[in-house]
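Please keep the sequence and the model in view while reading.

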Amino acid sequence: MTIQGRSNYAAAVAILFLVATAGAPAANAFVPRVLQRAPQSIPIGTGTRTGQDSNAVSASNFALDATTVTEDKKTRTQRIMEKTPLEGQTGGAGGVSTWDALVRTEANWRKVRDLKAFPYDIELGGIQNGIPPPFTFVTSHEAEGNKLAWDVLKNQNEQASIIQQQCNTVLDYDIIVCGGTLGIFIAHALQLKGHKVCVVEGGKLQGREQEWNISMDELMELVELGVLTRNDLEEAIKTEFPVCRSGFKNEETPTSGGYSENGIGYECDTADVLNLGISPKILIENVKQRFLAEGGVVKESTPIKGVVTSDSLGAALDLGDATDPITARLVLDCMGNASPISRQQRYGKTPDGVCCVVGSCAGGYDKETNLKGDIIYTNSEIQDKGKEGMLQYFWEAFPVNIGRNGNEPGSSDVKTTYMFTYLDASSGRPDLLTLMEDYWNLLPTYQPSITDPETDLDIKRVLAAFFPTYRDSPLQPGWDRVLAVGDASGIQSPLSFGGFGALSRHMGRISGAISDALKDDCLSKDDLATVNPYTPNLSAAWMFQKAMSVRLGQKVDSKFVNRLLATNFEVMEDMGIDTIKPFLQDVVRVDGLVGSLAGSFKADPFFMPAIVSHVGIPTLVEWLGHVGNMCIYTVCDSIISPVMAPIVEKMEDKQERFKMRRLMEAWKFGSGGDYILPRDKLQ
């Protein structure tokens with residue numbers, strides 16, 4: 001079903017229910033709640049600030065082969081990366097930041113930019129209009145896939161006793177989680193619900209040395225689920241600072257007042273958003289050991305060659321010729337946005353948007369001022385890169401290892417800094433090395449305590465990645481018994497890098513839905529599609545990415561993005577913490593959205609025509625549709641769900657009950673109703 005079709009279905013059910021329950025007692029007052037995004041660091045070949053995979057790619061006009069470039073011809077990036085320490089390098093999400101890794105990332109980025117979209121029906125398969133089928137990683141056709149995997153799956157079903165069939169213990173596991181860096185968290189959550197779970201990781205299941213940045217309320221979500229303990233937090237949190245800055249300025253200079261007053265920009269500080277630096281190495285190891293101690297299975301250094309799935313028999317993983325296949329009732333794809341499963345599903349499609357990120361973790365900054373972070377910050381106008389288009393550069397920075405509980409200034413000179421930009425995947429766009437060189441050149445302006453990054457900094461890691469995003473997210477299942485989770489599904493906001501924070505907000509919902517699916521045997525792709533439903537607030541966020549980027553060939557006022565965001569953030573700051581904090585945590589709600597838009601129009605009414613011209617009428621109309629659905633979902637969650645929930649729980653049809661539970665969850669998360677506003681936390 002298309003996104004619009006899914007949204008119309010949800011809205012139709014809501015309207016029908018309102019009619020059916022006319023005259024019913026008024027529901028309790030709506031208490032909105034939601035969680036957030038949490039960025040962390042993003043190394044080469046992966047992608048998120050909170051741990052995630054990215055399929056980086058790019059063809060470069062620079063010489064990338066270190067074996068053929070003399071020292072005097074090497075770029076600053078190559079010289080720096082070849083000196084970067086190799087200690088602490090790991091596989092998987094954000095594992096390595098070597099020059100060779102950048103070369104591979106560039107190659108992938110080029111493939112993405114060179115790809116031309118073409119129509120292809122994955123379900124139909126075969127050659128279509130001269131287009132060959134994609135590489136088959138997942139198949140439900142017995143003539144395809146690994147024969148041994150099919151044989152094992154059939155034999156286990158044929159040899160099962162009646163008791164095994166009744167208890168659903170025919171196969172090796174209830175769930176196999178593919179990808180362990182973030183998958184270990186969802187695996188443990190499902191284990192706690194009584195399911196037999198196996199995690200398969202292609203490399204070593206371990207976190208890297210560099211800190212992830214996240215917020216305490218995200219972590220507490222996992223504590224409440226039992227996935228983390230308070231001792232985990234005490235051990236893993238290495239950095240805590242009071243506030244993060246958001247700012248949008250045409251130049252790096254002190255400002256006061258708003259954009260309309262100074263003509264330069266606006267900045268503000270927000271407390272308790274991405275203000276914790278946690279050690280992924282400690283956190284992942286602690287969860288992994290508890291998972292193993294409670295009977296879970298982890299298969300490390302075990303690349304997955306493919307998946308075979310049958311609606312009646314189950315699913316089996318092909319682990320190569322040297323390893324026997326393993327079977328399960330359900331396979332979860334936690335392999336990030338570079339997942340071979342999602343790539344197969346999206347065969348012939350190009351990304352609708354991309355976030356390119358470069359940065360580093362380094363020592364040598366001023367200790368006395370290394371006391372707060374930047375969530376999103378600009379200090380320059382839109383950069384005109386000629387044929388490569390116009391790009392607005394954004395900055396993000398977090399102190400590293402400054403300790404907790406109000407340590408005195410001077411505790412650490414280490415920080416992580418990122419420069420990122422939003423763009424399309426057109427072939428003319430710049431390579432990552434171009435962005436990397438711009439990063440080094442602009443870094444002293446952003447961090448004035450240094451003058452030359454190559455000589456002034458002790459660079460520990462260099463980071464470069466790109467994050468493709470798709471408007472049809474979250475990704476619907478393409479096969480029975482296979483479900484994408486986290487970044488593999490595209491559940492993260494198109495404005496963020498995804499990862500741990502994006503997963504943590506949905507951990508309770510997804511683990512509960514998967515547990516229900518196993519108990520009620522709702523494992524068809526149509527049933528599982530309700531676990532990754534259309535959410536209008538996620539779709540509405542596309543408008544923001546559109547407004548913060550410039551199409552290739554489009555020319556705009558170089559101050560456009562800063563004027564837009566400075567005005568909007570000043571309005572949100574004036575509206576209070578209940579408006580600006582959810583937005584910074586990638587949660588879009590009707591109350592904050594409508595209020596901030598009205599305030600922005602009042603503050604800068606003559607700017608509205610420029611905004612409409614920039615994003616385009618079709619995009620604006622589509623966005624208004626998503627906003628309308630947000631309003632419907634908000635009403636459904638606050639008024640219909642309280643009345644509907646007792647009725648749903650009494651349904652005898654397990655499949656219908658399963659789907660209606662998922663529908664109510666879609667209303668809650670699609671409206672931002674799961675987010676607990678700061679004012680409600682104080683009550």
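Cys 355 counts as buried, at 1% relative accessibility, where buried means under 20% relative accessible area, exposed over 50% and partly exposed in between, with a 1.4 Å probe and protein chains only. Cys 244 is likewise buried, its relative accessible area being 0%. Cys 355 takes part in no disulfide, and the nearest cysteine sulfur, that of Cys 356, is 7.1 Å away. A disulfide is a pair of cysteine sulfur atoms within 2.5 Å, and by this rule the count is zero.

The model is predicted: local features need pLDDT of at least 70, side-chain atom pairs count only at pLDDT 80 or more, and totals for chains, interfaces and linings use all residues. Residues are numbered from 1 along each chain as its sequence is written, and side-chain values use heavy atoms, with hydrogens and water left out.

Attention now turns to the rings. The whole structure holds 18 aromatic pairs; rings of Phe, Tyr and Trp (its six-membered ring) pair if their centres lie within 6.5 Å, and planes under 30 degrees apart count as stacked, over 60 as edge-to-face and the rest as tilted. Phe 185 and Phe 500 form a tilted pair, 4.8 Å centre to centre with 35° between the planes. Because Phe 185 lies in helix H6 (residues 183–191) and Phe 500 in helix H14 (residues 500–519), the pair ties together parts that are 315 residues apart in sequence. Helices here are DSSP runs (H or I, at least four residues), numbered from the N terminus. Both Phe 185 and Phe 500 are buried. Elsewhere, ring pairs join Tyr 377, Trp 395, Tyr 439, Trp 440 and Tyr 446 into a cluster.

Note on methods
Helix = DSSP H or I, 4+ residues; strand = E, 2+ residues; numbered from the N terminus.
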